[in-house]
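Thanks for coming. I will go through the pockets, the core and the ring pairing of one structure, and you can follow on the screen.

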Amino acid sequence: MRKFTYALIGVVGAFSLFIFTLVQQFPAKVKNVAFGPAFFPLFLLAAISILLLLLLENRRAGSPEPMDFSDMRLPGLMMGLVGVAAGIFEYAGFVLSSFVFLLPAMFLLKARPKTVFIVSSLVIASIYVLFKVILRVPLPVGSLWEG
């Protein structure tokens, strides 16, 4: 169990470093905005780093209760879905990559098939209307759909 915990810390730490290097390409600040586009990903990476340090300290201190990693399949699959959606985002655009994430994620969370399609469509349509129409924020179309 100890080796698995250290392996988990190593994998999540390496993934966090990879995401950190990608976030460095974002502009630090945008005009008239308090926080730039890099703020939220960096905030999440800081939270992940703190949790990894707590996990490492828990293992180092020899916690009396061993951690239970028996049900890590669902979080692992969800992280994989996020990775796939992020990987195809530039190519497929916002709408398709959102469906690639939401549909299987909702099935993994054991939602009914009818609910999955209705909720996914409504969520993506709502986000599209909010950002593209109301706030006039351009959403990525994807190189697949561009001429």
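**Pockets, core and rings**

Four helices, α1, α2, α3 (73-108) and α4 (113-134), each supply at least two residues of the lining of the largest pocket. Helices here are DSSP runs of H or I with at least four residues, numbered from the N terminus. A pocket, on a 1 Å grid over the protein atoms alone, is an open set of points where a 1.4 Å probe fits, with protein on both sides within 12 Å along at least five of seven lines, and lining residues have an atom within 4 Å of a point.

Before I go on, this is a predicted model: local features need pLDDT of at least 70, side-chain atom pairs count only at pLDDT 80 or more, and totals for chains, interfaces and linings use all residues. Residues are numbered from 1 along each chain as its sequence is written, and side-chain values use heavy atoms, with hydrogens and water left out.

Back to the largest pocket. Its space comes to about 1700 Å³, a volume being the space filled by probe spheres set on the grid points, which are joined across faces, edges and corners. The lining has 36 residues, and Phe26, Pro41, Val82, Ala86 and Phe89 lie nearest the centre. Helix α3 gives the most, 13 residues. By class, the lining has 29 nonpolar, 6 polar and 1 charged. Nonpolar covers Ala, Val, Leu, Ile, Met, Phe, Trp, Tyr, Cys and Pro; charged covers Asp, Glu, Lys and Arg; the others, Gly among them, are polar.

The second largest pocket has a volume of about 260 Å³. It is lined by 13 residues, with Leu8, Val12, Leu52, Met72 and Met79 closest to its centre. Here α1 gives the most, with 5 residues.

Which residues make up the largest nonpolar core? They are Leu8, Ile9, Val12, Leu52 and Leu55. Such a core is a set of buried Ala, Val, Leu, Ile, Met, Phe, Trp, Tyr and Cys residues joined through side-chain atoms within 4.5 Å. Buried means under 20% relative accessible area, exposed over 50%, and partly exposed in between, with a 1.4 Å probe and protein chains only. Helix α1 (2-23) and helix α2 (39-60) each supply at least two of the core residues.

Last, the rings. The whole structure has 1 aromatic pair. Phe107 and Phe117 have ring centres 6.1 Å apart and planes at 75°, so the pair is edge-to-face. Rings of Phe, Tyr and Trp (its six-membered ring) pair if their centres lie within 6.5 Å; planes under 30 degrees apart are stacked, over 60 edge-to-face, and the rest tilted. Phe107 is partly exposed at 38% relative accessibility.
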